[in-house]
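The sequence and structure come first, followed by the points grouped by topic.

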Amino acid sequence: MRIFSFYLLFISLLFQGCFETNNNSFDGKNISINSEIKVDSSIINFYLPYKSKLQDGLMNKPISYSLKTYKKNDGILNSSLGNMFADATYDLINPIFKDKTGNSIDVVLLNNGGIRSIISQGPVSEKTAFELMPFENSIVIVKLDGNSIKKMVDYLVKVRLPHPIKGLEIILNKDYSVESVLLNNNPIDENKNYFVATTDYLLDGGDKMYFLAESKETTIIDYKMRDVLIDYFIKTDTLKLKTDNRFIIN
Amino acid sequence: MDRRKFLKNSVFGSLALGSTIHNYSCETSDLKKITILHTNDVHSHIEPFSSEHSEFPNQGGFERRSTLVNSIRNNNPNTLLFDAGDIFQGTPYFNFFNGELEFKLMSLLKYDAVTIGNHDFDNGITGLYEQMPKASFDFLISNYDFSNTVLEGKTRNYKIYNKFGIKIGVFGLGIELEGLVTKELYKETKYLDPIEISRDISNRLKFEENCDLIICLSHLGYKYDNLPERVCDYNLAKKSNHIDLIIGGHTHTFMDKPIVLKNEKGNDVIINQVGCFGLYLGQIDFFFDRNNKRSFRSSVLKI
């Protein structure tokens, strides 16, 4: 009898399985590719000539040192890595722009999505810069009036991403309404023109920052965003990056 | 082996051993298994991350993916391997070799098909066109109209793969390029409504081509929380009628396992996405009975 009821239990389990909707008949899993899996050396042999051509040795040479690991989303509306992108752009490009035009950069605006990697704690190399910024985008300076700058602020408030900015200080209330906006410690003057450093990608409509196309005058700086990073690393012995108050929720 | 004896042997045998039961169907032991493997957003990550990397030390790399794919294929020859786009851009390998190495390695791993991601236009539509001869796999994309571009005739709307007598219809969907890619790069490529196109294609795959399984390779992105109405895999799944599986990309979403939603008709649609950079390989096994109908597998019997 006991055996019989056991058999019944089994049969019921069996039918429970068989009569379930046939639509969810699959097994699925996502398998981590890690050092527990043996390497296929034929693949390594295939890419080795390419690797040598990359002059990997040179690319991996340390040009700076990072105190910690930094990411593009380690703050809510500004990030350690994004702030570095914006600050490095200002530091390296402003002297060139001044030389060229006699004017100064008021605002830097880049995009969070353009930061493609992290900076790991430890040595920083050219390869780090390639991973952070693989794109061939270059810096451009656009001249925007206060009205267009206000559109920029509206955009930043709407998308609520830690886009790299410098020169603006935006404070939001808990309900995301705007508490205050300052441009280099002053209110935005609609009758004034401002110089904004950005990339050709964003000027061409990337990330839908269409207000940049309202530029009254565009200065092309022949400097790739990646080279800004490389040169910033070279002149910075140790990277100590942090989030701050440039764009926050109160 | 007669059925009753088979059940008795397998089930009681396993119970006696105290182990779980795998691989036996309710009806017969001859269920056909189709394995779908997939990656997305590998972004030129040829090598594994270095051991010093803070987030992904020693993870990823074509050399390990190759071993994994080969062992799964050895286990089940009825396996297909797909990628959901953004193959290009992310390491110096792309800056220096323009995607040649990515396509050659994917051909060595015997990828069957890919769809096109926004970053696959990073060297322009011509840059993609120039690398295509190095790929032995199909480029499936049904909502980009490439008329008047160099890619005209180089991609397909869909393809049907026949494995074990099972007809597997596969098509691809790409994301809207405006605002994401500079126009100069994608040139005259026209973006068509992915939801509408996917209905047309899946109807065709189901009723004209009589496919037993319909798979969509999508670079639309899984879901946009700030923009709930935006076209994405989540919304595509809910508005679809015949898609069985959406293999996603673009949003770099790391899913622990595939998720299952209900389509317009109340049937299941699976969505899976494996983050980015070749850190994971997605695996989905489908089971079919001798009439090529999707069938329940005995994993419910795990005791």
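Two strands pair if DSSP finds at least two bridges between them. Helices (H or I, at least four residues) and strands (E, at least two) are DSSP runs, numbered from the N terminus. The model is predicted: local features need pLDDT of at least 70 and side-chain atom pairs count only at pLDDT 80 or more, while totals for chains, interfaces and linings use all residues. Residues are numbered from 1 along each chain as its sequence is written, and chains are lettered from A and ligands numbered from 1 in the order in which they are written.

**The sheet in chain A**
- Strand β5 (residues 138–145) of chain A runs antiparallel to strand β9 (residues 193–199) of chain A, with 7 bridges joining them.
- A:I139 has A:T199 in β9(A) as its bridge partner.
- Both strands belong to an open sheet of 5 strands with mixed pairing, in the order β6-β3-β9-β5-β10 (chain A).
- At the edges are β6 (165–166) and β10 (218–224) of chain A, each pairing on one side only.

**Where the chains meet**
- Contact (C-beta atoms, placed from the backbone, within 7 Å) links 62 residues of chain B with 49 residues of chain A.
- The largest share of the chain B side, 8 residues, comes from β13(B).
- Strand β1 (residues 26–32) of chain A pairs with β13(B) in the antiparallel sense over 7 bridges.
- Within β13(B), B:I284 stands opposite A:G28.

Methods: Two residues are in contact if their C-beta atoms, placed from the backbone, lie within 7 Å.
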